[in-house]
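Below is a short report on a modelled protein chain and its ligands.

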Amino acid sequence: HHEQLSPEKLVQALCQADDVDAQMSQLVQLFELSESERRLRHLLVTLFQEVFSEFFPGCAILPFGSSVNGFDIHGCDLDLFLDLEKTKTFQASAKGPPGAQAEEGAGPDSDSEDSILSDIDLTTATVPEVLELVAAVLRKCVPGVHSVQAVHSARRPVVKFCHKDSGLLGDISINNRLALCNTRFLQLCTEADERVRPLVYTLRYWAKQQALAGNPFGGGPLLNNYALTLLVLFFLQTRSPPALPTLAQLRELTGDGNQAIVDGWDCSFSQDTSRLVPSANTESLCSLLAEFFRVFGDHDFAGCVISLQEGRALPLPSFLLSEVGAKLKLGPFNVQDPFELSHNVAANVNEKIALRFQHCCQDGAKYCRSLQYQRKSSKGKAWGLVRLFQPGVLEAGELGLDGLLITIPFTLMALSPGSRQQLCQARDFRRCWFDKVCAAITFVLKDVLKCSCTGPAGEPTEQGGGEQPIVGSKHPRSDEGGSLSVSPAKKRPRPEGPAPEEEESVSWSCAVWHRVWMGRRRVRRQLRHLGSPQPDAEQEAGSLEVEEKVSEAIIQQEGDSMGSEPLLRFTACARVGGGQEDTRTLLCFTPTPQQGLLFQDFYHFLQGFLPRMVERYVGRAAWGGQ
Ligand code: ATP
Ligand code: MG
């Protein structure tokens, strides 16, 4: 089992590093798979290979994606490709006309002829048929695997599964040979230059924190990790002098006999790093990161297509005239797959996210010019990457919602292996996670920030009106002179049954009586001085308990100045994120009118505070509890 990496540990480790370069290398060490995690994956692959060989003689199970491409992180999914080419040949020859017998008893395991293979003809079977068969084998014959489900709707259909003991999630695909090529390409890049991994890990984490990327199940308008990684590699290809070769250059290094055509695309490139000329580029990681932000803060994503093949941005007019150009799906963010040249790997990104990516890069570039980025703080303040990683927010409008938005990302990382497993076993994974996040929000608003409930919420949801009864407050009003309390009002648009499109939402109607968002850092410091010794001297924010004390202290200091009216009233409405597979929780705030500026203050505070506290609560709470 991997060690849990809490946000505090991450901040602490990064603050202790000597410089930004060291921080970036540190990030890789903190995130990458441990030896034992790798071993487990290897064992699983071996197990799958054994079982599948029984049913599909000659088949191969080949891992691809982040388990093997050099960009692994704790708990990343296990992507597997089931190669059935040999099995097809075997089946064809076994069934062949009499006389053209399979070479005596051919196939690696001729006994299994009468198994599953007699039910299906692999050369004519459709992808969904084969996948259902794969799912059946997984369900019935692979020990320790559960939640097996064929997903036919994705661009690349897969069978999903979960490994019981580790909570590891995985996919098996059958027609995805190109992914093996691009996996090998990413791997080669990590081998070619040691700056690649730290830079990619840093930017992946940054993008996730900024809510620009990182949905573990894909879908939605955010960048996926693969597209972001290609963008970083492209950036390195286009430095002067280049830090990475282009694919065209890598292709020139291959011998003529080594052409590899996959699905009609030329996938040949030199696999041999020893043939590469070492790069003349000597930029430090610290400056490469700053340059990344500068370059893409100013890049015309919609007006050209990023090509790793050529290592340059292709201007649209001429690109569109090319054969592949006519087929590529253009959007506000255009990154051409290095092999499947008519595929835009970022075609899902919408205009708002593209624009926000650019703005976040501009902010990043600006921050990187400051001393806080470049120099370690001698006073123990957050510096370097730490500030860059402070969570960003999606504007509600970007997702078609009214009000002010805070996004709570899905984080497997905070969960213990046991909790993970429980989560994976849940029939409705998204709802299970969402319920937990809602419990956390309630706890933070009510217990940590001492908000008070002002009765059932006016529901800001579109369906149903206010008829349904509101599921009563699980957390009765606290009797501590009520600074703030909260009632969650739960609404299930339909009782049960398959209604995946209709979302559940939960809303809270809150009143804030004290300025609990002001001067928390100072109070935290005071509390620490006052003795209550803390095991870890956390710099930026304490544990849930500490934060509770901080609120209490603020309330005490404010004394009885509390009027008969609360400072602020607002409604918060939580729902699961946009796409079918989106696991984020979107929390939309609507203040009652006429408290604009004060609410802005509170909201800005919550933007940073709430996601952090929720993560802590979710990571800590026993999953099984109510
Ligand atoms: P992680 O799982 O940590 O997000 P990953 O690289 O494994 O990283 P996945 O989304 O699991 O990313 O995708 C697995 C592989 O599938 C990728 O390495 C890539 O080969 C391929 N892939 C993913 N997304 C795309 C895409 N949009 N276009 C083409 N290939 C893709
Ligand atoms: Mg993956």
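The report covers the conventions, the chain, the metal site and the shell around the other ligand.

This is a predicted model, in which local features need pLDDT of at least 70 and side-chain atom pairs count only at pLDDT 80 or more, while totals for chains, interfaces and linings use all residues. Residues are numbered from 1 along each chain as its sequence is written, chains are lettered from A and ligands numbered from 1 in the order in which they are written, and side-chain values use heavy atoms, with hydrogens and water left out.

**Chain**

The chain has 626 residues, of which 52% count as buried (under 20% relative accessible area; exposed is over 50% and partly exposed in between, with a 1.4 Å probe and protein chains only). Its secondary structure comprises 20 helices and 16 strands, taken as DSSP runs of H or I with at least four residues and of E with at least two, numbered from the N terminus. Among contacts (heavy atoms within 4.5 Å) with a separation of 6 or more, 70% join residues 24 or more positions apart. The accessible surface is about 28,400 Å², with 52% belonging to carbon and sulfur atoms; areas come from the Shrake-Rupley method with a 1.4 Å probe, and for residues only the protein chains shown count as cover.

**Metal site**

Ligand 2 is a magnesium ion, coordinated by the OD atoms of Asp77 and Asp79 at 2.0 to 2.3 Å. Donors are N, O and S atoms within 2.8 Å of the metal (3.2 Å for Na, K and Ca), and sites may look incomplete because water is not among the atoms. Asp77 is partly exposed at 25% relative accessible area, whereas Asp79 is buried at 11%.

**Ligand 1**

The shell around ligand 1 holds 17 residues, and the closest are Ser66, Asp77, Asn182, Asn225 and His343; a residue belongs if one of its heavy atoms lies within 4 Å. The polar contacts tabulated here are pairs of N or O atoms within 3.5 Å.

| Protein atom | Ligand 1 atom | Distance |
|---|---|---|
| Asn69, polar side-chain atom | oxygen | 3.5 Å |
| Asn224, polar side-chain atom | nitrogen | 3.1 Å |
| Val345, polar backbone atom | nitrogen | 3.5 Å |

Taken alone, ligand 1 exposes 580 Å², and the protein buries 80% of that. Helices α6 (177-192) and α8 (225-237) are the elements that give two or more residues to the shell.

His343 sits in the loop between β10 (335-336) and α13 (351-368) and is buried, at 16% relative accessibility. Beyond neighbours within four places in sequence, His343 contacts Arg155, Leu328, Val335, Gln336 and Asp337.

Technical notes: Polar contact = N/O pair within 3.5 Å; in protein donor to acceptor, adjacent residues only side chain to side chain.
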